[in-house]
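Take a walk through this protein chain, one region after another. Keep the sequence and the model side by side as you read.

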Amino acid sequence: METEPTSPEASQLDKEIASLRKQAASLRKALQIQCSTILSSASTSRLIRSSSSPAAGRRPGRPDAASSGLRSRSTQQQAYMQQCVYRISAPVTSFKVRDPDPNAVDGGHVLGLRFEIMSRGQFLRPYYVMLNRPYAGSRHLRVHRHTVPPAVPLAGLAARHLPQPSRAGAGNGSRNSSRNSSSAADQDLDRFARTLRREIVRYHNRLGVSADLRRRLGLRERGAQAAAPNALVEAGIADIEAKQISLAWANNKTGRLVMDDDGNVVKFVVFGSDGRDWEASSAIFSKHDTIDDVARKLEERLAESLG
């Protein structure tokens, strides 16, 4: 059975429906934010509490569904705010768990570290690092399991701040025990946790740089790309550490943006059919430019080509 070709009117109607659905989703999100903001206000909480208690000289009656739902929503918002305060004030927390494996080292005792990360005003899924003590006669810790992304140098940080116990002191008696107790001080769990969280935050900051660049240049919406030769048609992470962003233009030119650990731009190059395009590279990036400066210059070049 052959399908009828789509008419221009039907195609235009589909585009309008898709646009209305996108606007509706945006309005629903804005409404949720406004409701949360109002319910988070201290004055609003006082009004809701005062309305729930019976006034003096007034016979208490059955609360209506609207007021009951409002009180329930306010209670949920207060609990959510308290949870957010805890997660912000304590970005790294520790807890103890038991390994169910009967042959686990150290009787299955495991120390867990939970790392809270926030990006664009929202909490991301926490990262976990599990530590145990597999060394006989020593209290040294070792990374047992983790959910840290591979771009974060966890092994290097563990080797620096949680080194293995030295085997030099293999003597007997009190001398051996004193060496074990002194070597245990070589590990710095607090510095390991703080350094690891800083590296995780840096990694997400670099991911955010790429996302902000795509969003500002309108690359998140496919089909809305301009056909001008200087139009940037693609920008994305080029390496596992998210320190490089690859770019592509409609005229087959390519570029590479290099960042440091904190997401600051340190180098920008453009390649054409004849090799490196020094003119375009210097026009888009100069020393001490930020990612906003690079995005602004890219927008200006696109506007010049369209004009």
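**Walking through the chain**

Just after α6, G218 takes a positive phi of about 70°. Helices and strands here are DSSP runs, numbered from the N terminus; a helix (H or I) has at least four residues and a strand (E) at least two. This is a predicted model, in which local features need pLDDT of at least 70 and side-chain atom pairs count only at pLDDT 80 or more, while totals for chains, interfaces and linings use all residues. Residues are numbered from 1 along each chain as its sequence is written, and side-chain values use heavy atoms, with hydrogens and water left out.

Now α6 itself. The expected span of a helix is 1.5 Å times one less than its number of residues. For the 28 residues of α6 that gives 40 Å, and its end C-alpha atoms are 40 Å apart, so the two agree.

Step back to the whole chain. It holds 8 helices and 11 strands. Of its 307 residues, 28% count as buried. Buried means under 20% relative accessible area, exposed means over 50%, and partly exposed lies in between (1.4 Å probe, protein chains only). The chain exposes about 20,500 Å², with carbon and sulfur atoms supplying 52% of that area. Areas come from the Shrake-Rupley method with a 1.4 Å probe; for residues, only the protein chains shown count as cover. A contact means heavy atoms within 4.5 Å. Among contacts between residues at least 6 apart in sequence, 42% join residues at least 24 apart.

Next, the interior. In soluble globular proteins, nonpolar side chains tend to be buried together. A nonpolar core is a set of buried Ala, Val, Leu, Ile, Met, Phe, Trp, Tyr and Cys residues joined through side-chain atoms within 4.5 Å. The largest one has 21 residues. L213, L247, W249, L257, F268 and L298 have the most contacts inside it. At least two residues of this core come from each of α6 (189–216), β7 (232–237), β8 (244–249), β9 (254–259), β10 (265–272), α7 (278–284) and α8 (291–306). The largest share, 4 residues, comes from α8. Apart from this core lies another, of 20 residues, with Y127, L131, V148 and L154 among them.

Which residues does F268 contact, leaving aside its neighbours within four places in sequence? They are L247, W249, R256, L257, R276, S281, I284, F285 and V294.

R256 is in strand β9. With a relative accessible area of 31%, R256 is partly exposed. Beyond residues up to four places away in sequence, R256 touches A238, Q244, I245, S246, L247, K267, F268 and V269. R256 and V270 are 14 residues apart in sequence, and their C-alpha atoms are 6.6 Å apart. A charge sits over a ring if NZ of Lys or CZ of Arg is within 6 Å of the ring centre and within 35 degrees of the ring normal. R87 likewise lies over the face of F123, at 4.3 Å from the ring centre.

Now the aromatic rings. Rings of Phe, Tyr and Trp (its six-membered ring) pair if their centres lie within 6.5 Å; planes under 30 degrees apart count as stacked, over 60 as edge-to-face and the rest as tilted. A search of the whole structure finds 1 aromatic pair. F95 and Y128 form it edge-to-face, at 6.2 Å centre to centre with 80° between the planes. The pair links distant parts of the chain, as F95 is in β1 (residues 92–98) and Y128 in β5 (residues 127–132), 33 residues apart. F95 counts as partly exposed at 27% relative accessibility. Y128 is also partly exposed, at 26%.

Is G112 buried or exposed? Its relative accessibility is 0%, so G112 counts as buried. Leaving aside neighbours within four places in sequence, G112 contacts T93, S94, F95, V129 and M130.

Finish in the loops. Most residues other than glycine have a negative phi. N252, in the loop between β8 and β9, has a positive phi of about 70° although it is not a glycine. H288, in the loop between α7 and α8, also has a positive phi, near 75°. N252 is exposed at 70% relative accessible area, and H288 is exposed at 69%.
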